[in-house]
Amino acid sequence: MHPNLSYQLQQFFGTTAVEQITQDPKMVSFLKDVEVTYEEKDQDQSMIALLLQERLNSEQALKKEKEEQGGLIRKLEEAHSQLLQSEKMASIGSLAAGVAHEINNPIGYVASNIRSLGAYLDDLFQLIDSGLTELSQTKPGSNTAALASKLDLPFLKGDTHALLSECIEGIDRVKRIVQDLKDFSHVDHGEWIVANLEKGLDSTLNIVTNEVKYKATIVKKYGGIPEISCIGSQLNQVFMNLLINAAHAITERGEITLETGQQGGEVFVRVSDNGCGISPENQKRIFDPFFTTKPVGKGTGLGLSLSYGIVKRHRGRIEVQSTVGQGSSFTVWLPMHHEEQASDKTEPQAAAH
Ligand SMILES: Nc1ncnc2c1ncn2[C@@H]1O[C@H](COP(=O)(O)OP(=O)(O)O)[C@@H](O)[C@H]1O
Ligand SMILES: [Mg+2]
């Protein structure tokens with residue numbers, strides 16, 4: 001007999017009555033029918049449990065799929081924003097290269113003309129000097145002699161030289177900036193070149209000098225690292241972002257240390273500052289695209305995520321050490337030799353176009 005039926009009968013009639021009932025042939029056939037109903041109900045119940053279990057399983061599968069899709073969407077967004085940023089940097093790079101090229105020509109002839117002008121003025125002053133000496137012998141007290149002393153000829157001579165050498169110095173500075181702009185943009189749009197990272201660091205520093213010089217004293221501790229194969233313009237972008245971040249971290253006046261060195265098969269470039277530092281919670285998020293603690297207009301939150309992508313493309317890594325109130329140190333580690341250079345060569349080009 002179905003256990004539930006027997007339990008209910010016993011509850012209702014008591015054990016002895018049940019024994020009598022179950023011996024009555026009429027009751028037996030009735031109980032058989034009831035039992036069939038009980039069994040059908042049992043089957044329904046197990047069917048429902050099965051269906052429920054199936055539904056639960058498919059819900060869990062859906063949830064997992066949704067999580068995976070969320071992860072994929074995040075990765076896509078990240079890749080998209082990095083692409084946007086590298087497109088932007090590529091256009092800034094080619095703009096800088098174009099401007100540098102255009103400036104180069106006029107600067108070239110201004111510099112050469114100033115040098116010629118200097119030489120001509122030397123000749124002219126020589127002529128004036130000799131004319132005045134002659135005049136003082138043949139016609140003492142002439143108007144020309146009076147004019148010469150009124151105009152303070154020795155001062156004019158000295159100052160003309162000083163002005164010209166200042167002009168030459170200024171033009172040399174412009175030339176250096178133009179050269180740095182060219183080095184910085186490299187006009188290579190993501191090509192692999194063998195480059196000196198210390199030079200790259202220097203030319204990047206010159207580019208951002210205005211952002212940095214009022215905030216910090218720069219201390220250089222270069223270890224004379226060997227040249228490595230890299231995408232020069234992209235690594236310069238990494239250095240630029242680290243330098244600007246370091247300057248932003250300093251409120252009044254501080255110090256930014258640039259250090260390079262080599263260890264094992266790797267070289268490193270370290271940018272350290274004694275600025276505000278990064279809290280442990282924020283340290284987990286600084287490489288996320290769009291994570292910024294800066295006001296609108298000052299930070300996009302893309303610098304470090306872009307840098308992370310670039311360094312990863314070089315099979316390198318970025319290490320961060322930071323203490324709130326004491327400062328931060330970002331170290332870019334890069335392998336000196338690339339094993340898979342052939343495949344490396346194609347990848348960044350795909351990213352740049
Ligand atoms: N040297 C640093 N000192 C303190 N905080 C930093 C430093 N570098 C990065 N950060 C933090 O990481 C965040 C993300 O940096 P980044 O990706 O370059 O974006 P952004 O500079 O546009 O904010 C910054 O907003 C800042 O909070
Ligand atoms: Mg930044």
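Two residues are in contact here if their C-beta atoms, placed from the backbone, lie within 7 Å. By that rule, among contacts between residues at least 6 apart in sequence, 74% join residues at least 24 apart. Please keep in mind that this is a predicted model.

**Overall shape**

Let's begin with the whole chain. The protein has 11 helices and seven strands. A compact globule of 353 residues would have a radius of gyration near 20 Å, but this protein has 41 Å. Along its principal axes, the C-alpha trace spans about 165 × 45 × 40 Å. As for burial, 20% of the 353 residues count as buried.

Helix H8 covers residues 232-249.

Which residues touch the most other members of the largest nonpolar core? They are Phe239, Leu243 and Ile256, in a core of 32 residues. Several elements each supply at least two residues of this core, including helix H3 (25-138), helix H6 (197-207), strand E4 (254-263), strand E5 (266-273) and strand E7 (327-335). The largest share, nine residues, comes from H8. As general background, nonpolar side chains in soluble globular proteins tend to be buried together.

Leaving aside neighbours within four places in sequence, Leu243 is in contact with Thr204, Leu205, Val208, Val212, Ile256 and Val271.

Val238 also sits in helix H8. Is Val238 buried or exposed? Val238 has 27 other C-beta atoms within 10 Å; the cut-off for burial is 20 or more, so Val238 counts as buried. Beyond its neighbours within four places in sequence, Val238 is in contact with Ser307, Ile310, Val311 and Val332. Val238 and Leu306 are 68 residues apart in sequence, yet their C-alpha atoms are 7.8 Å apart in space.

**Around ligand 1**

H8 turns up again at the ligand. Of the 23 residues around ligand 1, Ala249, Thr292, Gly299, Gly303 and Leu304 come nearest. H8 and helix H10 (303-313) each supply at least two residues of this shell, and the largest share, four residues, comes from H8. By class, the shell has eight nonpolar, 13 polar and two charged residues.

Arg315 lies in another stretch, the loop between H10 and strand E6 (317-323). Their surroundings are set out below.

| Residue | Other C-beta atoms within 10 Å | Class |
|---|---|---|
| Asp152 | 11 C-beta atoms | exposed |
| Arg315 | 15 C-beta atoms | partly exposed |

The classes follow from the counts, because 12 or fewer C-beta neighbours make a residue exposed, and partly exposed lies between that and buried.

Leu151 and Asp122 are 29 residues apart in sequence and 17 Å apart in space, C-alpha to C-alpha.

The backbone deserves a look here too. Most residues other than glycine have a negative phi. Asp152, although not a glycine, has a positive phi of about 55°. Arg315 is not a glycine either, and has a positive phi of about 60°.

Methods: Residues are numbered from 1 along each chain as its sequence is written. Chains are lettered from A and ligands numbered from 1 in the order in which they are written. This is a predicted model: local features need pLDDT of at least 70, side-chain atom pairs count only at pLDDT 80 or more; totals for chains, interfaces and linings use all residues. The expected span of a helix is 1.5 Å times one less than its number of residues. The radius of gyration is taken over C-alpha atoms; the globule rule is 2.2 Å times the number of residues to the power 0.38. A residue is near a molecule or strand if its C-beta atom, placed from the backbone, lies within 6 Å of it. Ala, Val, Leu, Ile, Met, Phe, Trp, Tyr, Cys and Pro count as nonpolar, Asp, Glu, Lys and Arg as charged, and the others, Gly among them, as polar. A nonpolar core is a set of buried Ala, Val, Leu, Ile, Met, Phe, Trp, Tyr and Cys residues joined through C-beta atoms within 7 Å.
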